[in-house]
Amino acid sequence: MEFFDAFSVSLQAVWNDSGFSAFTPGNGIMIVVGLLLLYMAFVKEFEPLLLGPIAFGCILANFPNTEFFGEEMNVMKAIRFGINYEIFPPLIFLGIGAMTDFAPLLARPSTLLLGAAAQIGVFVALAGAMIVGFDIKEAAAIGIIGGADGPTSIYLSIKLAPHLLGAIAVAAYTYMSLVPMIQPPIMKALTSQKEREVVMQELRTVTKFERVVFPIAVTIFVSLLLPPITALLGMLMLGNLFRESGVTDRLSDTAQNSLCNIVTIFLATGTGMTMNADDFLVPETLLIICLGLVAFMGGTAGGVIFGKIMCRMSNWTVNPLIGSAGVSAVPMAARVSQIVGMKSKPGNYLLMHAMGPNVAGVIGTAVAAGTMLAMLK
């Protein structure tokens, strides 16, 4: 009899320690959400490198009794530490900088204005978020989704609205993956056939001196103007300096490959782990996803409309389709400009021209985030 009593107690202890005993319907819903995101990442191939780890992190976050969020240090808590203390986003920007070619922007500096114009979506969504009841800091964090820059969205969310990080990150990366679906209808609706057929002149050759001076000059100017964004922009330009200097190939290769891949795994998985049922299954999440779409569409429209203005002012030498690349989904948004342009006029190669506003959008989103931090912190 004592044996059966002891056995019963042991079984009860095992049950109490298991995840099944504390499993809630909310956990189940979030695991299904994670599985859906995995499907989108690996079957539909929507940003698999980012959405895959986010999805799996979401699943891990919704297993009860894992002690991932307890007092004792563990690997998962260390990953969360890297997000909460803003370690991973600047490191991602180091890799992005090493992969980015600013030559198209330097060859046609006026495209910087297209990158700036595409940030209008950020402020449209910010206003919309305040109208539906979010406070100013939450609205700013939501609005930055319109920049289509995942690391910047995460960075600003951590600073201003950490409780919204999961929803904002998922919205940002989801809409980045849907660029080929979201942007073309807007681009076609806002441009005429004649505008879409504009052929742009070949870009001039950019000297090595210009390539090296640019990241240094931008870092000095923007860091003095907007100190809160120095960590992101400084690492972006340091990575680019590794690329362009010609004497740090090993550092450039490490930054854009090994380091960037490792940090992406940690950043995306840790972001997914913020998607626990208690924080994610709230009405605000749906609002954030809707506002994120408004932000992204507004950014695309803003870039295209300013592209139309530049088209007229330049005597029809600028194709307004490249304005849609002003959102910083590099290089996908530039490829969409190329695809839409080719469909309107076969042989009209816009890719390198669109890369100018595309990389300008990276800087523009960082500046927009820095402006918000300077005003709201």
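Visitor: Where does Thr152 lie?
Guide: In this predicted model, Thr152 lies in helix H10.

Visitor: Is Thr152 buried or exposed, and why?
Guide: Thr152 counts as buried, because its relative accessibility is 0%, and the cut-off for buried is under 20% relative accessible area.

Visitor: What is Thr152 in contact with, leaving aside its neighbours within four places in sequence?
Guide: With those neighbours set aside, Thr152 is in contact with Phe93, Ile144, Leu232, Thr365 and Ala369.

Visitor: And Asp149, where is that?
Guide: Asp149 sits in the loop between helix H9, residues 136-143, and helix H10, residues 150-160. Leaving aside its neighbours within four places in sequence, Asp149 is in contact with Phe93, Met176, Ser328, Val362 and Thr365.

Visitor: How many salt bridges does the count come to, then?
Guide: The count comes to seven salt bridges. One of them joins the side chains of Glu195 and Arg312, with N to O at 2.5 Å. Glu195 lies in helix H13, residues 193-196, and Arg312 in helix H18, so this pair ties together parts that are 117 residues apart in sequence.

Visitor: Are those two buried or exposed?
Guide: Glu195 is buried, with a relative accessible area of 1%, whereas Arg312 is partly exposed, with a relative accessible area of 44%.

Visitor: What does Glu244 form a salt bridge with?
Guide: Glu244 pairs with Arg211, and their closest N and O atoms are 3.3 Å apart. Because Glu244 is in helix H15, residues 230-245, and Arg211 is in helix H14, residues 208-225, the pair ties together parts that are 33 residues apart in sequence. Glu244 is buried at 10% relative accessible area, while Arg211 counts as partly exposed at 22%.

Visitor: Which residues are linked in a network with them?
Guide: The network of salt bridges links Asp101, Arg211, Arg243 and Glu244.

Visitor: New topic: how do H11 and H18 cross?
Guide: The axes of helix H11, residues 165-177, and helix H18, residues 283-313, come within 9 Å and cross at roughly 35°, and the crossing is right-handed.

Visitor: Which residues meet there?
Guide: From H11, Ala167, Ile168, Ala171 and Tyr175 meet Thr285, Ile288, Ile289, Cys290, Gly292, Leu293 and Phe296 in H18. By class, this contact of H11 with H18 has nine nonpolar, two polar and no charged residues.

How values were computed:
Residues numbered from 1 in each chain as written. Predicted model: local features only at pLDDT ≥ 70, side-chain atom pairs only at ≥ 80, totals over all residues. Heavy atoms only, no water. Axes fitted to C-alpha atoms, helices over the stretch in contact; angles between N-to-C directions. Helix = DSSP H or I, 4+ residues; strand = E, 2+ residues; numbered from the N terminus. Left-handed = near helix turned anticlockwise from the far one by under 90°. Contact = heavy atoms within 4.5 Å. Nonpolar A, V, L, I, M, F, W, Y, C, P; charged D, E, K, R; others polar. Buried < 20%, exposed > 50% of the residue type's maximum accessible area, 1.4 Å probe, protein only. Salt bridge = Lys/Arg side-chain N within 4 Å of Asp/Glu carboxyl O.
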